[in-house]
There are 2 protein chains.
Amino acid sequence: MPPEDGTFHSPGSLEGTGSLGNRGDLFDPACPTRRLLDRIGSKWTAMIVIQLHDASPGELRFSELKRRAAGVSQKMLAQTLRSLEHDALVARRVEGTTPPRVHYRLTELGESLYPPIAALREWAESNMKTIDSASASASAS
Amino acid sequence: MPPEDGTFHSPGSLEGTGSLGNRGDLFDPACPTRRLLDRIGSKWTAMIVIQLHDASPGELRFSELKRRAAGVSQKMLAQTLRSLEHDALVARRVEGTTPPRVHYRLTELGESLYPPIAALREWAESNMKTIDSASASASAS
């Protein structure tokens, strides 16, 4: 029976069987790293992290984020921000006005996520046309 | 009315209003880049790309991929491979044995996706423990 502390290593693990130290293991089905990857790899997370990074050290309000991440629904934006806040990537500040104003900014941890997300975005934007053409010819054949 | 050729720029676009050239635009709701980002940012895509990269220049069979991406279902693996093939990131080779053997490898385009995916994985694995602790204390408060 696998232990329940998340240190179980699958046969497919690349990390060996030693101590995990500070690392998770994407290839360990018992490790939450793969769920984390799905959260940070989503388009809305990417768009929010990029906008907050660009606004830094300033903050952005909910309505500003909604405008900048054109196409996001109120519900999806609220959900993604809650998830980012729960993961300690985004900090939320409520201003005691009437009605209250809510401001968002990246935490230090959230800022550290910017470079890999920017690299993924750069790849996606640079290769979108190539992939579009490839998909079109695959569908046509 | 926005044009239907995918060149419409939202007010939130970071790319200005010039020609897109070879680039998509994540912040353009009419551009397929954001759907592409969701596909390449998923945990299964990451796991398959990493395994095929590690096996390169060799190929991997379906059953080998299934074993190495522990926890993936038959259906999800087949679906993800089809999507990667459709995006021209993975090439499929059918060997005419009985039963036929199917081999997978990264295309050149697929190899170019490895560095950003490896960076995202590195970030997720390195920060999993920090995020776990942060989430636990957020839930407890």
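Q: Helix 1 (residues 33-40) of chain B: is it enclosed or open?
A: In this predicted model, helix 1 of chain B is largely enclosed by the rest of the structure, because 6 of its 8 residues are buried.

Q: Which residues of helix 1 of chain B are buried?
A: They are Thr33(B), Arg34(B), Leu36(B), Leu37(B), Arg39(B) and Ile40(B).

Q: And what do those buried residues pack against?
A: Elements of both chains: from chain A, helix 2 (43-55) and helix 5 (108-140), and from chain B, helix 2 (43-55), helix 4 (74-86) and helix 5 (108-140).

Q: OK, the contact itself. How many residues does each chain put in?
A: Chain A puts in 49 residues and chain B 49 residues.

Q: Which helices of chain A supply at least two residues each to the side that touches chain B?
A: Helix 1 (33-40), helix 2, helix 3 (62-68) and helix 5. Helix 5 gives the most, with 19 residues.

Q: What's the make-up of that side by class?
A: On chain A, the side touching chain B has 24 nonpolar, 13 polar and 12 charged residues.

Q: Do the copies meet through the same surface or different ones?
A: The same surface, since 100% of the interface residues of chain A are also interface residues in chain B.

Note on methods
Residues numbered from 1 in each chain as written. Chains lettered and ligands numbered in written order. Predicted model: local features only at pLDDT ≥ 70, side-chain atom pairs only at ≥ 80, totals over all residues. Contact = placed C-beta atoms within 7 Å. Buried ≥ 20, exposed ≤ 12 C-beta atoms within 10 Å, placed from the backbone. Helix = DSSP H or I, 4+ residues; strand = E, 2+ residues; numbered from the N terminus. Nonpolar A, V, L, I, M, F, W, Y, C, P; charged D, E, K, R; others polar.
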